[in-house]
Amino acid sequence: MKARYQTRIELLQGTLDLLVLQTLQWGPRHGYGITQAIRANSGDVLQVETGSLYPALHRLERQGLIAAAWKTSESNQRVREYRLTPRGKRELASSRSRWEQLQAAIAGVLNPAKPRA
Amino acid sequence: MRWLFGRRDRDLDDEIRTHLAMAERDRIDRGEDPGAARAHARREFGNILHVAEATRADHLLGRLSMAAHDLGAVVRAGLRHPAFFLSCLGVLTLAVSLNLVVFGLVNALWLKPMPVADPDRVVVIARDFEASDGSRFSESGLDMLRRTGLFAGVAGQAVTSGDFAELRPRVSLSAIQEPLEAAWVTPEFFTVLGIRLDGRPFTRDDGLADLPGAVIISDRVARTLPGDRGDVLGLVLEAEPIALKVVGIAPLGFHGARRGERTDLWLPHKWLPRLTGGDRSTLPSAILPMLAIGRLSPGVSVDDARSALTQNPKVSRAVAPLSEVFGAADLPMIRVGSVDVLAIATLIGACVLAGGCATLVALILVYYERRGREFAVRIALGATRVRLAMQLAFELVVLAGTGAAAALWLSWLVINMLPHVRLPSGLDLNRLDLTPDWRGALAAALCCVTSLGLAGAVLIARATRSRIGVGLIAPAATNTRSSVRYRSALIGTHVAITGLVLVAAALGVQSIVRASTISAGFETERLLFATVQTRYRWRPLDEPAREARVARDIARGLKVVEQIRGLAGVRAVAPGPAPLAPEQQLRLSTGPRTYKTDGGPQNVSFAWLAVGDGYLEALGASLLAGRSGRRGEVVITAALARSLWPGETPLGKPLSDGSAPMKTVVGVVDLAVGSVRHRRQPAALVLGELTVPSMVGGSGRITLAINAENPTGLKPSIERLLSSAFPDAPLVDVITARGLLDADLGQERLAAWMFTGFGLVALILAIGSVFTLVVHLVESRWQEFAVRLALGASKGQVASAVVWAMVKPALLGPVRKQVLDVAARRGESYSSTRHETCVE
């Protein structure tokens, strides 16, 4: 049980911040909206735990990568909306680049090019 | 704190609430039943408390916020369980402050560094530290010490206490209004102590030069004078009776050689005749009584010096490190260094602290066991064990902090009150530097944290998830085998510790009781001793004036004796000193002298006391053999009889002190001479040698033994009579025999008070702890007792089971006590040795 929990944390470490920043790239969202967007865009594969999401949101806000403000939603509900800051945009670009490099590297290992005869 | 973090917390709570509401609405929009939608949304979200805590814990303000929450929880818990928190605080405060006060005293008396260079190498040389003026040496005596080769330097400071109060310099500076303390010292004084002065120490010429006289002033006096230290040096101060020129300034913190001194001015001893107002031509400084201070030569230890000097009875008997000597210009010198008392006080203090720890562990154990169900619920709601442990630790830290603060406050209060208390040993605490230092605060904090850390560690180790979980189904007071064993061990240990401390306290009380019932050989409840110094001994008068003065004082003395005899309740008055007095002790301690008997000269140490007619009758002394004697006859103590004529009757034997003609021993008396703290000491009382004319014509001191019905009630009347008869007398003193005994046994009583205080505190702690645990123990088995009753057990059987449950753990204590008693043996043997000497 403990090992499984640790594996999940390790998987989310770093990637959750990237996912949140990428989600906010498309426009300001509240916490629930972010989980729904990640879930929908991942085809229901990625389900963000609230126990990880909110600490991550507050950490990113403290780092100045996102900003939060209280707004009134369309359903006339008071919600806390997060948006990407310019610094967050730069961090997103950098993180994406690193992620793509990593993805390419892992893909290269998993699908090695066949040596030419 | 809540106002500071409240907005952030509220925002987070609102955010979570919004999240849940949106998830719920989404599900309803997707066609779920509202009830099911809410439940699913909740389940999907997870533990709200956990999410909120994880979010808060992720940033500093959040951590502070949680600390504020925890603090609030502690305060609320304190309000819900005031008895527990107040008991814990009381125990901490009592145990720690008691130790801090003892530490403060020990620190001031023994541990604070002396403000002299290499203090371990500086010693005070005395004939006898138990005699108030026992340290006196003449200048030639100091020279003799210098010639022994044991000392790199020997300095002297004039004795100005007790019989020599008239030698005290009475100097006032016009620039300083408050009274100043001054001391006569030899030129080597500052060199021997290794004090670095601004300016210079005294030289041999300082005492011989013309006015103004040289003076070395303290840092305190220098600061009150105008200008900086450089300006003050060389300044001629307007002073009474002579002008003084500042040649040196002592460094900050130096107030004199001994602990207890508050000297502001040091004067060359050669000036003494001028400043005491006597005729300087008739008072050579060479005969001044001096306290000898020596710096040991390289390679010579204190023990070496002590053993070497013991071989030379003409010089001295006692050598003590400077740090162990207490004294002041107006106080007798006391040797306060006693490793035994220090070790016992420290041991008992540690025991009381350990008892306090055990009490705390007991209280905390019971308290948290009672909160078991609350912890179980919190675990069930998702709180982690670490979080619970942290909160528990936080509660204990708050408790420790508050306890340490309260202990520091209480000890500060007591230490500030101590200078107003005159201890029975004659130790004036006002003279000690009792200012607390950082070590005291550190000790308080460490004691509190250690006590609570110990208690908390045991609890946290026991608080496993499964054990806490049992709290949901079990009664609040759990009764597992391990917890019962743990509580029993705690009670047993506490009973053992308390037993140990109470043994020490009982020994203290026993010494008080023995001291109050001890037989000094005279009627302690019916006697007063009066002393009048009719004139200054150190201000000799010209012969015609002296004769007139003596004749006048003899007439006054005879008259006042008759007046005292005429007072209601007075049964007898006889000339003679108090048998228990430092002077007698000094006579006994000056080493063996040659006494003549029929068997030829003998070297025996005993006191040779001249007393008046009817002295033994006035004392109510009990004769063991012979009669009380007449003028020119001698009555000796039983100890002297055994020493000089073992196995023979001393009656009719001749005895002389070596100079006087032979006198005949006519009686043997059981009388304590010098001090009851020692074994009965050998002494000879020469009857009829002391009369009012002989006393006035000799030293000018009249001493009377007065037997009366109500000594305490008569004391003021006798003081009044003596003061009106001799209005210009430098000394008038009347003391009851009970007061004399109290002063004589002062050191024992000081220790007794201290041990009794420790014992009382230990008892209070033990009662608190054992009561709490026993009640909890019995309560935790309440269900079992109810089942027994339901199964048909009689009330008597259940009652006996209850009593056994209460007594059993306490009975384990004495078994453990046997082990701990070994540690007390030393203290017991120390105390019993003292008692033995008292009752001998």
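**Exercise 1.** Which residue forms a salt bridge with Arg59(A), and how far apart are the closest N and O atoms?

*Solution.* A salt bridge here is a side-chain nitrogen of Lys or Arg within 4 Å of a carboxyl oxygen of Asp or Glu. The partner of Arg59(A) is Asp17(A), with the closest N and O atoms 3.1 Å apart. The pair links distant parts of the chain: Arg59(A) belongs to helix α4 of chain A and Asp17(A) to helix α2 (residues 15-25) of chain A, 42 residues apart. Helices (H or I, at least four residues) and strands (E, at least two) are DSSP runs, numbered from the N terminus. Next comes accessibility: buried means under 20% relative accessible area, exposed over 50%, and partly exposed in between (1.4 Å probe, protein chains only). Arg59(A) is partly exposed because its relative accessibility is 24%; Asp17(A), at 17%, is buried.

This is a predicted model, in which local features need pLDDT of at least 70 and side-chain atom pairs count only at pLDDT 80 or more, while totals for chains, interfaces and linings use all residues. Residues are numbered from 1 along each chain as its sequence is written, chains are lettered from A and ligands numbered from 1 in the order in which they are written, and side-chain values use heavy atoms, leaving out hydrogens and water.

**Exercise 2.** Where do Arg306(B) and Asp303(B) stand relative to each other in helix α11 of chain B?

*Solution.* They are three residues apart in helix α11 (residues 302-310), so about one helical turn separates them. Arg306(B) is partly exposed at 25% relative accessibility, whereas Asp303(B), at 52%, is exposed. Elsewhere, salt bridges that share partners join Arg39(A), Arg27(B), Glu32(B) and Glu44(B) into one network.

**Exercise 3.** In what order do the three strands of the open sheet in chain A lie?

*Solution.* The order is β1-β3-β2, with antiparallel pairing. Two strands pair if DSSP finds at least two bridges between them. The strands β1 (29-30) and β2 (66-72) of chain A are at the edges with a single partner strand each, so one side of each has no neighbour in the sheet. Two bridges join β1(A) to β3 (residues 78-84) of chain A; in β3(A), Glu81(A) is the bridge partner of His30(A).

**Exercise 4.** Is His19(B) buried or exposed?

*Solution.* His19(B) lies in helix α1 (residues 2-29) of chain B. With 6% relative accessibility, His19(B) is buried. Not counting residues up to four places away in sequence, His19(B) touches (heavy atoms within 4.5 Å) several residues, including Tyr32(A), Tyr54(A) and Phe45(B).
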